[in-house]
Amino acid sequence: MSKKAFIFYGGDVLKISFIGAGKVGVSFGLYLKKNNFDLLGYYSRSSTSTINAMNITNSNAFYNLKETLEADIIFITVNDDSIKEVANSISKLNIDYKDKIFVHMSGALSSSELEVLKNETSSIISLHPIQAFADIYNSVEQLENTVFSIEGDNHGINL
């Protein structure tokens with residue numbers, strides 16, 4: 001997967017947000033930021049985690065799910081047991097997620113965990129880095145050479 005696939009789509013620079021501010025989300029967000037991706041910010045149930053992620057990545061802190069949807073690509077980096085719950089919560093916001101790309105980073109679950117967010121113009125993807133995330137800064141260094149598996153709908157996979 002090239003960086004351009006996630007930076008440009010139809011000539012537009014894509015904006016990225018994260019739901020979940022643990023090691024995986026913050027490490028990957030910091031990696032994206034260091035590689036000039038347009039990272040908007042983070043939302044987490046824990047305001048301490050949200051503020052920590054904001055400070056590490058020099059991005060924004062979001063205090064509700066709706067704010068994360070200002071992005072084009074929304075990474076859901078919560079624990080595996082919470083992915084479907086987060087997707088359901090987003091779907092109940094009763095807003096249009098036209099042209100949004102929803103990505104979870106679980107290695108154990110498929111993109112079907114996000115099925116409730118799929119419509120004719122949105123995409124759902126599972127993107128799994130094949131590496132451990134012991135700590136944020138070492139993980140960012142390792143991401144440069146990490147292999148990823150990707151699975152999802154045709155539109156999302158072909159970006």
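**View 1. Strands S3 and S4 pair in parallel, joined by 5 bridges.** Strands are DSSP runs (E, at least two residues) and helices are DSSP runs (H or I, at least four), both numbered from the N terminus. Two strands count as paired if DSSP finds at least two bridges between them. This is a predicted model: local features need pLDDT of at least 70, side-chain atom pairs count only at pLDDT 80 or more, and totals for chains, interfaces and linings use all residues. Residues are numbered from 1 along each chain as its sequence is written, and side-chain values use heavy atoms, with hydrogens and water left out. Lys15 stands opposite Asp38 in S4. Ile19 stands opposite Tyr43 in S4. Both strands are mostly covered: 4 of the 5 residues of S3 are buried, as are 5 of the 6 residues of S4. Buried means under 20% relative accessible area, exposed over 50%, and partly exposed in between (1.4 Å probe, protein chains only).

**View 2. Seven strands form an open sheet: which ones stand at its edges?** The sheet has 7 strands in the order S5-S4-S3-S6-S7-S8-S9, and its pairing is mixed. Strand S5 (60-61) and S9 are the edge strands; each has a single partner strand, so one side of each is left without a neighbour in the sheet. S6 and S7 run parallel and are joined by 4 bridges. Phe75 stands opposite Val103 in S7.

**View 3. Helix H2 lies across S3, strand S4 (38-43), S6, strand S8 (123-129) and S9.** H2 runs at about 160° to S4. Axes here are lines fitted to C-alpha atoms, for helices over the stretch in contact, and angles run from 0 to 180 degrees between N-to-C directions. Contact means heavy atoms within 4.5 Å.

**View 4. The largest nonpolar core holds 24 residues.** A nonpolar core is a set of buried Ala, Val, Leu, Ile, Met, Phe, Trp, Tyr and Cys residues joined through side-chain atoms within 4.5 Å. Ile16, Phe18, Phe28, Leu32 and Phe75 touch the most other members. S3, H2, S4, S6, S7, S8 and helix H6 (136-143) each supply at least two residues of this core. The largest share, 5 residues, comes from H2. Apart from this core lies another, of 18 residues, among them Leu40, Ala71, Ile76 and Leu114. In soluble globular proteins, nonpolar side chains tend to be buried together. Phe18 has contacts beyond four places in sequence that include Phe28, Leu32, Leu39, Tyr42 and Phe75.

**View 5. Helix H5 (residues 83-91) has Ile83, Val86, Ala87 and Ile90 as its buried residues.** They cover an arc of only 100° around the axis, which puts them on the same side of H5. The arc is that of the directions from the helix axis to the C-beta atoms. The buried residues of H5 pack against S3, helix H4 (65-68), strand S6 (73-76) and strand S7 (101-104).

**View 6. Gly20 sits in the loop between strand S3 (15-19) and helix H2 (23-34).** Is Gly20 buried or exposed? Its relative accessibility is 6%, so Gly20 counts as buried. Leaving aside neighbours within four places in sequence, Gly20 is in contact with Gly25, Tyr42, Tyr43, Thr77 and Val78. Gly20 and Ser46 are 26 residues apart in sequence, and 9.0 Å apart in space from C-alpha to C-alpha.

**View 7. Asp153 lies in the loop between strand S9 (148-152) and helix H7 (154-157).** With 13% relative accessibility, Asp153 counts as buried. Which backbone nitrogen does the side chain of Asp153 reach? That of Ile124, at 2.7 Å. The side chains of Asp153 and Ser123 are joined by a polar contact of 3.5 Å. A polar contact is a pair of N or O atoms within 3.5 Å; within protein, one must be able to donate a hydrogen and the other to accept it, and residues adjacent in sequence count only if both atoms are side-chain atoms. Not counting residues up to four places away in sequence, Asp153 touches Lys118, Ser122, Ser123 and Ile124.

**View 8. Ser139 is placed in helix H6.** Its relative accessibility is 1%, so Ser139 counts as buried. A polar atom of the Ser139 side chain lies 2.6 Å from the backbone oxygen of Asp135. Beyond four places in sequence, Ser139 is in contact with Ser27, Gln131, Ala132, Phe133 and Ala134.
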